[in-house]
Amino acid sequence: VGNTFIIALSWCIAYFYPPSHASVWCWCASLQSIYLIFFDSWLCPTLYNKQETQFKYYQINTKQGKLQKKETLKLLQNRYHLSKVGKNLDAIIIGSGIGGLSTAALLSRLGKKVLVLEQHYRAGGCMHTFDEFGGEFDSGIHYVGSINRVKLFLSFITKNLIEWYSMGTNNDNIYDTIDLDGFDFNKDVIQYRGGRDKLMNELIRKFPKSKQEIINYFIFLKKTGSKITYCYILSKIFPNSFLFYEKGWIYKRFISQYMKYSQLTADQVISKYISDPKLKAVIGGGQLIDWCLIPSKASWWVVAAMMGYYIDGGYYPKGGSNNIPLSIIPIIQQNGGNVLCRAKVKEILVNLKTNTAYGVEMDKTGDIIKAPMIISGVGAHTLFWELLPQKIFKQKSHENDINEELKILENKQELEASYGHMTAFVTFEGKSDELELPDYNIHSWGNLKKYNYDISKIQELF
């Protein structure tokens with residue numbers, strides 16, 4: 001019914017207004033696609049049966065576990081050789097992070113033969129793990145939120161059902177603790193539990209004098225935070241459409257009132273509602289490790305979106321983050337595709353006459369691999385400054401487009417690197433329950449009182 005309505009709507013537009021703007025037609029087509037993907041689930045079914053399929057976890061200290069791990073490494077550490085590439089590729093994807101693997105899996109589901117090239121020794125990007133000192137460590141996934149949405153997305157690109165551990169299961173559903181003083185745990189440490197009301201009540205309990213400010217802020221957060229997210233999603237689905245015409249009625253009336261807050265920093269917005277400097281530090285930077293930008297520079301929307309993302313709790317993939325790429329790669333291979341490691345791309349091959357990419361040149365071997373579609377999943381800086389041949393920037397036919405992209409990277413500094421951080425992996429002998437290790441995160445900001453709870457100041461000094 002919904003699909004029929006959308007088609008009928010597009011016909012009406014054509015009938016009553018023949019010279020319809022292209023953006024209107026794109027809007028209808030995109031709306032139809034969204035409907036088909038998210039509502040017509042019987043037309044786009046998930047790959048696994050929740051009742052039948054479970055991921056097989058292995059115990060590393062058993063003989064069977066060691067054999068099973070050996071098999072998994074064949075998938076994750078499949079070393080590049082031209083003989084493994086195959087013929088008649090439909091697409092080549094550079095980079096095996098979640099973006100590259102997801103794109104490859106979705107294309108594979110459409111019957112495409114996809115090759116993923118990864119320069120690291122193990123596939124997965126921030127999902128990969130590494131082995132040191134007899135233990136396995138994750139490189140990027142600390143914990144995830146919005147678990148139902150994550151499960152939905154993964155169900156389209158994985159065959160095995162990945163199980164998720166709810167953080168705080170053994171500690172009253174606490175998934176994050178924020179320590180600003182480093183003294184009394186019960187008095188000074190703020191405990192985040194799953195649920196908006198639980199979080200708000202915890203903040204009120206620790207900051208009773210700011211009760212009304214907290215309530216007002218959470219009301220504003222609920223009304224505004226998610227709306228900005230929807231606006232950004234729409235801007236990607238309908239780029240350059242009438243919805244985002246700044247002088248248009250729709251933009252002025254609906255969109256601009258939300259988007260303006262994304263242009264303000266976390267400090268600017270939070271200060272309008274919260275007066276206590278310690279409480280501002282908790283809300284604006286307590287979970288800073290999740291976005292790595294200081295409150296005085298980070299967009300308020302980033303901080304708000306992260307709080308909303310984890311509002312119902314934190315989760316971790318059972319068996320480690322490696323299980324995510326392990327579940328995606330078989331989908332890519334089922335149509336003759338592959339995910340190859342130690343496969344650094346030297347350059348993307350571009351036809352200068354048609355301004356189209358047609359293949360890649362490998363770094364060490366010089367192998368030429370061709371495909372009608374080349375997809376970069378390695379980031380804008382690497383793509384523009386390392387992979388694309390520099391002579392295409394001088395082509396007059398598309399000089400303006402390329403230069404505009406470079407200006408964004410260089411002059412506007414929109415992709416300026418954030419502050420660096422150091423990660424220390426610590427191992428303990430014994431089981432977690434014997435060592436009384438908690439199953440929640442600890443965000444510690446010791447001695448912050450010395451700086452009047454100004455997280456931006458202490459980060460800049462650091």
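Student: What are the ground rules here?
Tutor: This is a predicted model, where local features need pLDDT of at least 70, side-chain atom pairs count only at pLDDT 80 or more, and totals for chains, interfaces and linings use all residues. Residues are numbered from 1 along each chain as its sequence is written, and side-chain values use heavy atoms, with hydrogens and water left out.

Student: How many salt bridges does a search of the whole structure find?
Tutor: Six. A salt bridge here is a side-chain nitrogen of Lys or Arg within 4 Å of a carboxyl oxygen of Asp or Glu.

Student: Which residues are linked in a network of them?
Tutor: Asp 172, Arg 193, Glu 202, Arg 205 and Lys 206. Within it, Glu 202 and Lys 206 pair with their closest N and O atoms 3.2 Å apart.

Student: Where do Glu 202 and Lys 206 sit?
Tutor: In helix α7 (residues 196-206); they are four residues apart, so about one helical turn separates them. Helices are DSSP runs of H or I, at least four residues; strands are runs of E, at least two; both are numbered from the N terminus.

Student: Are Glu 202 and Lys 206 buried or exposed?
Tutor: Both are buried. Buried means under 20% relative accessible area, exposed over 50%, partly exposed in between (1.4 Å probe, protein chains only).

Student: What does Arg 122 meet in a salt bridge?
Tutor: Asp 131, at 3.2 Å, N to O. Arg 122 is buried at 3%. Asp 131 is partly exposed at 30%.

Student: New topic. Where does α9 bend?
Tutor: At Ile 255, by about 60 degrees. The bend is the angle between axes fitted to the seven residues ending there and the seven starting there.

Student: Which residues of α9 are buried?
Tutor: Tyr 251, Ile 255, Met 259, Tyr 261 and Ser 262. Their cover includes α8 (211-237), α10 (266-273) and α12 (300-309).

Student: And Lys 278, buried or exposed?
Tutor: Buried, at 15% relative accessibility. Lys 278 belongs to helix α11 (residues 277-285).

Student: What is Lys 278 in contact with, leaving aside neighbours within four places in sequence?
Tutor: Leu 180, Asp 181, Asp 188, Phe 207 and Tyr 453. Contact means heavy atoms within 4.5 Å.

Student: Is Cys 126 buried or exposed?
Tutor: Cys 126 is exposed, at 56%. Cys 341 is buried, at 1%.
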